[in-house]
Amino acid sequence: MKKIILFLSAVGVLMFSATAAHAQLSVGAGYDYAKFSLRDGEGGKEPSDALNGFYVGVDYNVRIWKGLGIAPGVQYEFTDGTVDKESGIKFQEHYLNIPIDINYYFRLGSLFGIGVSLTPSFNIGLASELRQPGAGSMDLYDIWNEIGLGEAGESLGVENPYGRFDFMLGVGLSVDLFKHIRVKARYDFGLVNRVSAIGDLDPDLAGAVKLNRNRLQVGVAYVF
């Protein structure tokens, strides 16, 4: 029995060592550009003004086969911008993102490479705030209390009309320079209707109003 346990332990160590030998940790940061797309029940579409900001994150890429790899990561994202120029209303958001980067890298010699990726991303809204000069701010994740309805709003069965959670699917391109520098760009399509809860308030509005958030990220990472 001891020999079997020792054998399995040795196999486990060898497998871990092989995986670690084909894994890369990277830390990066860059520019973040976000935009909402609003659709009404009549087929109309109204894009919002862009929000600009930054992101910082870390991921761990495990090579599965040749140039194919999977890189789970964690990312903090901040965006801010003016959504109504006449009144000066600004919109600011903070997110914790969990991207899972499915990538394939083509090596161009020992120092350079090009990568393509498909990235599902789970996003959790940490804060979402509307601010108007001279009129204070409003937390969209606590909208009932902000507008003075309190428990009356929650009694309607809708905790928050503006959803905190999002799921995105992104496509990306990256370039590796001198082994350790990675320049990355990715465009993410928001797949979740962030105001789907409005249908719980009024069944006639279920699916009639859709608000999706799309995003572009461009940055640089250091690969260890």
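Tutor: The model is a predicted one. Its protein chain holds four helices and ten strands, arranged from the N terminus as α-β-β-β-β-β-β-β-α-α-β-β-α-β. Of the 224 residues, 35% count as buried.

Strand E6 covers residues 112-132 and runs antiparallel to E5, residues 89-108, with 17 bridges joining the two. Within this pairing, Arg131 of E6 stands opposite Lys90. Three residues lie between the strands of the E5 and E6 hairpin, where Gly109 adopts a positive phi near 90°.

Strand E6 also forms a hairpin with E7, again with three residues between the strands; here Gly134 has a positive phi near 80°. The pairing of E6 with E7, residues 136-139, is antiparallel and comprises four bridges. One of the pairs is Glu129 with Asp139, the latter in E7.

A further partner of E6 is E8, residues 165-177, which is likewise antiparallel to E6 and is joined to it by 13 bridges. In this pairing, Ser121 has Met168 of E8 as its bridge partner. As a general point, side chains in a regular strand alternate between the two faces of the sheet.

Returning to the whole chain, 61% of the contacts between residues at least 6 apart in sequence join residues at least 24 apart. The accessible surface of the protein chain is about 12900 Å², and 66% of that area belongs to carbon and sulfur atoms.

Notes:
Residues numbered from 1 in each chain as written. Predicted model: local features only at pLDDT ≥ 70, side-chain atom pairs only at ≥ 80, totals over all residues. Heavy atoms only, no water. Pairing = 2+ DSSP bridges. Buried < 20%, exposed > 50% of the residue type's maximum accessible area, 1.4 Å probe, protein only. Contact = heavy atoms within 4.5 Å. Areas by Shrake-Rupley, 256 points an atom, 1.4 Å probe, with all protein chains shown as cover.
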